[in-house]
Structure formats: structure tokens, C-alpha cells
Amino acid sequence: MKITVDVDCTPEEARRFMGLPDLSGLHEAYLSKMRTAIEQGVTPDTIQTMMQSWGPMGEAGFNLWRHMLDNMGGNSTK
């Protein structure tokens, strides 16, 4: 025996029916931050944060990259 049930509802109604949390406020905050980042472009702070999160050694890895890039650019500080 096979039973098929079609439910016609909006995504909001489905979310409420399933008991899922309403994340629309979080979504709006995320979109606002993304818009700001796009409007401001890439800043040195963004690059630093990105490098720190990607680096396997955290701050030590970032300092290694900074030292290497400084040496390549001729800004060596010994």
C-alpha cells in the first residue's frame, strides 16, 4: 500500500509546523554585514582576520606570513 500526501504551504508555514526557529533576524544581520563589506571593499583588517583564521598556527603563522611579505617588499625590520 502506498499513501501520498501533498502539503501546500509557504516556507514560513512549513518552518512553524516543523518547529524550526525563526532566523530571519540573523539572516538580515548577515546580509547587512555582507553589504557593508562589499561597499567598503577589502581593508587591511579584513585581510589580517582572514589570514589569522586560515593560518594553521594562528598568530604565529600570521607573523611568519607578515615577515615573509615584508622581506619580499623590501620593508625588512630586523
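Biologist: Which residues does R15 touch, not counting residues up to four places away in sequence?

Modeller: Contact here means heavy atoms within 4.5 Å. With residues up to four places away in sequence set aside, R15 touches L20, P21 and D22. Please note that this is a predicted model, in which local features need pLDDT of at least 70, side-chain atom pairs count only at pLDDT 80 or more, and totals for chains, interfaces and linings use all residues. Residues are numbered from 1 along each chain as its sequence is written, and side-chain values use heavy atoms, with hydrogens and water left out.

Biologist: Where is the place of R15, and does R15 count as buried or exposed?

Modeller: R15 belongs to helix α1; helices (H or I, at least four residues) and strands (E, at least two) are DSSP runs, numbered from the N terminus. R15 counts as buried because its relative accessibility is 17%, where buried means under 20% relative accessible area, exposed over 50% and partly exposed in between (1.4 Å probe, protein chains only). Of the 78 residues of the protein, 6% count as buried.

Biologist: With which side chain does the side chain of R15 make a polar contact?

Modeller: The partner is the side chain of E12, at 2.6 Å. A polar contact is a pair of N or O atoms within 3.5 Å; within protein, one must be able to donate a hydrogen and the other to accept it, and residues adjacent in sequence count only if both atoms are side-chain atoms. The side chains of E12 and R15 also meet in a salt bridge, with 2.6 Å from N to O. That term means a side-chain nitrogen of Lys or Arg within 4 Å of a carboxyl oxygen of Asp or Glu.

Biologist: How many salt bridges does a search of the whole structure find?

Modeller: The search finds two. Besides the bridge between E12 and R15, R16 forms one with E12, and the closest N and O atoms are 3.1 Å apart. Together, E12, R15 and R16 are linked in a network of salt bridges.

Biologist: How many residues apart are E12 and R15 in helix α1?

Modeller: An α-helix has 3.6 residues a turn, so residues three or four places apart point the same way. Here E12 and R15 are three residues apart in helix α1, about one turn, while R16 and E12 are four residues apart in that helix, also about one turn. As for accessibility, E12 is partly exposed because its relative accessible area is 34%, whereas R16 is exposed, at 61%.

Biologist: How many helices and strands does the secondary structure of the protein come to?

Modeller: There are four helices and zero strands, and from the N terminus the elements run α-α-α-α.

Biologist: How many residues has helix α2, and what span is expected for helix α2?

Modeller: The expected span of a helix is 1.5 Å times one less than its number of residues. Helix α2 (residues 24-40) has 17 residues; from first C-alpha to last it reaches 24 Å, close to the 24 Å expected.

Biologist: Which residue takes a positive phi just after α2?

Modeller: That residue is G41, and its phi is about 80°.
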